[in-house]
Amino acid sequence: MATYQKQLESIGFRYDTLTANGYNKINGFCFTVNINPGTKDYIISTACRPADEGTVEALYQALQQFAGERKKTVKTAAFNGKMITVICHTDEIVPDITKGVRDSVDFINYCIGQFQCIPCCEVCGNQADTNIYLIENNISMMCQECFANVQNNIVDNIYKENRVNTNYPLGIVGSILGGLGGAVIWIIFSMMGRIGYVAGAVAGMGGYFGFKKLGKKMTLKGLIISLAVSLAFLLCGMYVAIGIDIFNAFRDWDVSFLDALQLVPVYLGDPEALGEIIYNHIFGFIMFILGAVCCIAQFFNEKKVKNRVIKLM
Ligand SMILES: [Zn+2]
């Protein structure tokens with residue numbers, strides 16, 4: 001099956017891959033197709049309204065009738081005063097959205113003609129020549145004035161953000177807390193005789209989010225520090241867990257917990273024990289790496305999307 005992008009392009013839409021949105025301008029009216037990757041619902045919208053308030057009621061009725069007649073593909077069809085929106089659900093068996101999109105677009109175009117709709121701004125509702133803009137993660141059909149406002153806000157935001165400095169000491173405290181969380185989980189699982197894989201992910205992500213929360217602003221340096229700190233704490237947790245195992249094994253031999261901790265390197269020196277230890281811990285590390293990769297991806301994606309304003313068409 002062709003991807004959503006190919007399907008939408010085959011019926012004349014353009015596609016923004018980062019936000020999974022299709023968009024097009026037809027006869028001066030902007031159309032967007034927003035695809036929900038989770039539910040696979042897709043939403044077709046046009047910013048427009050009847051020129052004459054008196055026909056709004058008839059538009060409502062036409063939308064209801066349309067949705068009622070196409071229950072298999074259409075979930076709802078609505079008008080909010082500034083925008084006609086049709087929500088379709090993908091048929092599980094035929095995951096082809098082109099027919100649903102085309103039907104919806106045709107129907108909206110019919111409404112535009114029938115109820116003498118004018119293009120309007122999705123934000124202020126004024127009649128205007130609207131364009132399609134990408135604002136961070138959202139696609140919006142706006143007039144030029146509203147877009148200028150958005151641009152000004154973004155400039156303000158950048159100015160404010162530049163004045164916030166990363167608080168590294170507090171950020172490091174945050175990543176210690178995240179790493180500590182992972183370590184504690186690992187130890188608790190270990191004491192129950194289980195392998196707490198999840199602790200790896202908790203440490204990997206906890207360190208990052210801990211830094212971000214307390215350090216106020218994430219930087220590349222902060223990212224590296226937070227991952228190194230949380231990995232160190234996870235390793236400490238693993239070390240202590242082995243110490244607890246040794247302590248329990250020698251309980252009758254009058255070995256103190258501190259002695260047991262000091263015995264860990266000796267224990268690891270035994271090739272047979274080391275093999276088992278590696279086997280028991282490898283998935284914890286893999287989970288840590290997966291968590292860290294998610295954080296790294298989030299960091300770079302956020303950087304790419306943050307304060308992004310683009311006129312699409
Ligand atoms: Zn506007």
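Colleague: What makes the crossing of α6 and α7 right-handed or left-handed in this predicted model?

Modeller: The crossing of α6 and α7 is right-handed, a label that applies if the near helix is turned clockwise from the far one.

Colleague: Why are α6 and α7 called oblique to each other?

Modeller: Helix α6, residues 197-215, packs against helix α7, residues 220-249, at an angle of about 135 degrees, and their axes are 8 Å apart. Roughly antiparallel would need an angle over 145 degrees, and roughly perpendicular covers 65 to 115, so α6 and α7 are oblique to each other.

Colleague: Which residues of α6 and α7 meet, and how do they divide into nonpolar, polar and charged?

Modeller: On the α6 side the contact includes Ala 199, Gly 200, Ala 203, Gly 204 and Phe 211, and on the α7 side it includes Gly 222, Leu 223, Ser 226 and Phe 233. The residues of this contact divide into ten nonpolar, nine polar and no charged, with Gly counted among the polar ones.

Colleague: Why is strand β4 called largely enclosed by the rest of the structure?

Modeller: A residue is buried if 20 or more other C-beta atoms lie within 10 Å of its own; seven of the ten residues of β4, which spans residues 41-50, are buried, so the strand is largely enclosed.

Colleague: How do you know that β4 and β7 pair, and in which sense do they run?

Modeller: Pairing requires at least two bridges, and β4 has three with strand β7, residues 117-119, in the antiparallel sense; in β7, Pro 119 is the bridge partner of Cys 48.

Colleague: What joins β4 to β3 and to β6?

Modeller: Five bridges join β4 to strand β3, residues 29-35, and these two run antiparallel, whereas β4 and β6 pair over seven bridges, also in the antiparallel sense. Ser 45 of β4 stands opposite Thr 32 and also opposite Thr 85 in β6. With five residues between them, β3 and β4 form a hairpin, in whose turn Lys 40 has a positive phi of about 65 degrees.

Notes. Residues numbered from 1 in each chain as written. Predicted model: local features only at pLDDT ≥ 70, side-chain atom pairs only at ≥ 80, totals over all residues. Axes fitted to C-alpha atoms, helices over the stretch in contact; angles between N-to-C directions. Helix = DSSP H or I, 4+ residues; strand = E, 2+ residues; numbered from the N terminus. Parallel < 35°, antiparallel > 145°, perpendicular 65-115°, else oblique. Contact = placed C-beta atoms within 7 Å. Buried ≥ 20, exposed ≤ 12 C-beta atoms within 10 Å, placed from the backbone.
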